[in-house]
Amino acid sequence: MIMLYDNHQRPINYLRLAVTDRCNLRCFYCMPEEGIDYVPKTELLSYEEMLRLVRVLAKMGITKVRITGGEPFVRKDMIHFLSDLVKTPNLQEVHLTTNGTLTQNLIPQLQQIGIKSVNLSLDSLNKQRFFDITRRDVFDTVMETLHALIVAKLPTKINMVVMQDQNIDDIIPMVELAKANPINVRFIEEMPFNGTNRTPSLLEWNYKRIYQHIEATYPHIYKIEDGKYSTSTNYQIKGFQGTFGIIAAYSRTFCGTCNRIRLTPRGILKTCLYDTGVFNIKDVMRAGASDAQIQATFLDALGNRAKDGFEAEQNRHFDPLITESMSSIGG
Ligand code: SAM
Ligand code: SF4
C-alpha cells in the first residue's frame with residue numbers, strides 16, 4: 001500500500017472534506033448569528049471536482065475521508081455524492097460529522113452506502129441551553145437522531161464543545177449517556193474559530209480541567225487504548241457500555257501524530273487547522289491541471305507542513321488573529 005508522508009515523517013492518510021459552508025444552525029462558537037458571507041455557489045468545489053480530488057488523493061495514500069462542513073446535509077443530493085464517493089478505488093473508510101437536524105431519515109441509506117460512523121454534535125442535553133448555544137429550536141430532532149443512530153447500531157460519537165457559562169452542567173449527564181449506550185462521548189476544548197474576532201476564554205476549560213471535573217464524580221475512571229492517530233484521549237468508567245474522550249483541540253497535544261489534511265468548501269488545502277491555507281486546488285483544477293500536476297501540488301504542500309498547530313498559527317500569512325468560522329474550514 002502507498003504511504004504518503006509529510007516533511008516531519010508523519011504518515012498522511014486522512015482527508016477531512018468540508019462539502020459546504022452553509023449551515024441551518026448558528027452555534028455561537030462556530031458562526032456569527034448574522035452577516036455571514038457564504039461562498040458563492042460557483043466558488044464551491046462541485047461534486048465532480050471533489051470526487052476527482054479524492055480519487056487522486058486515494059492513489060497517493062489517503063484511505064479515510066470524513067465529510068463535514070457547514071452542515072453536509074444542507075447540500076443538495078448529498079446521498080448521491082456519498083454513494084459515488086464510497087466507490088473510490090483504494091478508499092477504505094468514509095465517515096461523517098453532522099448536527100443531526102436533517103439526518104434521521106437518511107440513516108438507513110447511510111448504512112446501505114457503507115458510511116462507517118457518524119459524529120453527532122450535541123453540546124447540551126438541556127433544551128434551553130441547546131437553544132442558547134445553537135440559536136435554533138431543534139433539540140428534540142437532534143435527540144431523535146441520536147436515538148435512531150443507536151437503534152440502527154451505526155457507530156456513533158458525540159461531539160460536545162465545553163464552554164464556561166454555557167454547558168458545564170452538561171458534562172456529567174453527557175458522560176452518563178455512555179452508561180447504557182455503546183457510544184463515545186467526546187469533550188472538545190473550544191477553539192477561536194467562531195467567525196468573529198471574539199477570543200473565547202479558552203483556557204478556562206482545558207483538557208485537564210475537563211478530566212478533573214469528571215473524575216470528581218467518577219473517581220474510578222480507567223484509561224483505554226486510543227486509536228493510532230486519535231486526537232482524543234479515551235477513558236471508560238466501570239460498568240459503562242460506552243466510553244468518553246477528551247480532545248485538546250486548543251492545547252494541541254496531538255500534533256506529533258497528526259495524519260490529516262483538510263479541504264475547505266472553496267477548495268483550499270489546509271495542512272493544519274491553524275494555518276491560513278496553503279493553496280486553492282480548485283483554481284489549479286479549473287486552470288486545466290492534469291492528475292499528475294494535482295498530485296505534485298499536494299506533494300509540495302506536504303513537504304512544507306508546519307510541525308504543529310503552534311508553528312502553523314505563528315506562520316499565518318494574513319490576519320494573524322483567527323477570525324474564520326469553523327463552518328468555512330470544516331471542523
Ligand atoms: N455541522 C456539522 C456539525 O456541527 O457536526 C459539521 C461541521 S462542524 C464545524 C464540525 C465540528 O466542529 C462540530 O462537532 C463542532 O462542534 C466543532 N466546532 C465548531 N466550531 C468549533 C470551535 N470553535 N471549537 C471547537 N469545536 C468546534
Ligand atoms: Fe453549523 Fe456545525 Fe457550525 Fe453548529 S458547529 S454552526 S451545526 S457547522
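The second largest pocket of this predicted model has a volume of about 550 Å³. Grid points were joined across faces, edges and corners, and a volume is the space filled by probe spheres set on the points. Lining residues have an atom within 4 Å of a point. The lining of this pocket has 23 residues, and those closest to its centre are Asp37, Arg266, Glu324, Ser325 and Ser328. Strand E11 (268–270) and helix H11 (326–329) each supply at least two residues. H11 gives the most, with three. Elements are DSSP runs numbered from the N terminus: helices (H or I) of at least four residues and strands (E) of at least two. By class, the lining divides into eight nonpolar, nine polar and six charged residues. Ala, Val, Leu, Ile, Met, Phe, Trp, Tyr, Cys and Pro count as nonpolar, Asp, Glu, Lys and Arg as charged, and the others, Gly among them, as polar.

Residues are numbered from 1 along each chain as its sequence is written, and chains are lettered from A and ligands numbered from 1 in the order in which they are written. Local features need pLDDT of at least 70, side-chain atom pairs count only at pLDDT 80 or more, totals for chains, interfaces and linings use all residues, and side-chain values use heavy atoms, with hydrogens and water left out.

Ligand 1 is surrounded by 18 residues (a heavy atom within 4 Å). The closest are Tyr29, Gly70, Ser121, Asn159 and Met191. A polar backbone atom of Tyr29 is 2.8 Å from a nitrogen atom of the ligand. An N or O atom in the side chain of Ser121 is 2.5 Å from a ligand oxygen. For Asn159, a polar side-chain atom lies 3.1 Å from an oxygen atom of ligand 1. On its own, the ligand has 540 Å² of accessible area (Shrake-Rupley, 1.4 Å probe). The protein covers 96% of that area. Strand E3 (93–98) and strand E5 (156–162) are the elements that give two or more residues to the shell. The shell has six nonpolar, nine polar and three charged residues.

One cavity of 30 Å³ or more is found in the whole structure. Here a 1.4 Å probe fits but cannot get out. The largest cavity has a volume of about 40 Å³. Its lining includes Tyr29 and Ser121, both among the residues closest to ligand 1.

Technical notes. A polar contact is a pair of N or O atoms within 3.5 Å; within protein, one must be able to donate a hydrogen and the other to accept it, and residues adjacent in sequence count only if both atoms are side-chain atoms. On a 1 Å grid over the protein atoms alone, a cavity is a set of points where a 1.4 Å probe fits but cannot get out, and a pocket is an open set with protein on both sides within 12 Å along at least five of seven lines; lining residues have an atom within 4 Å of a point.
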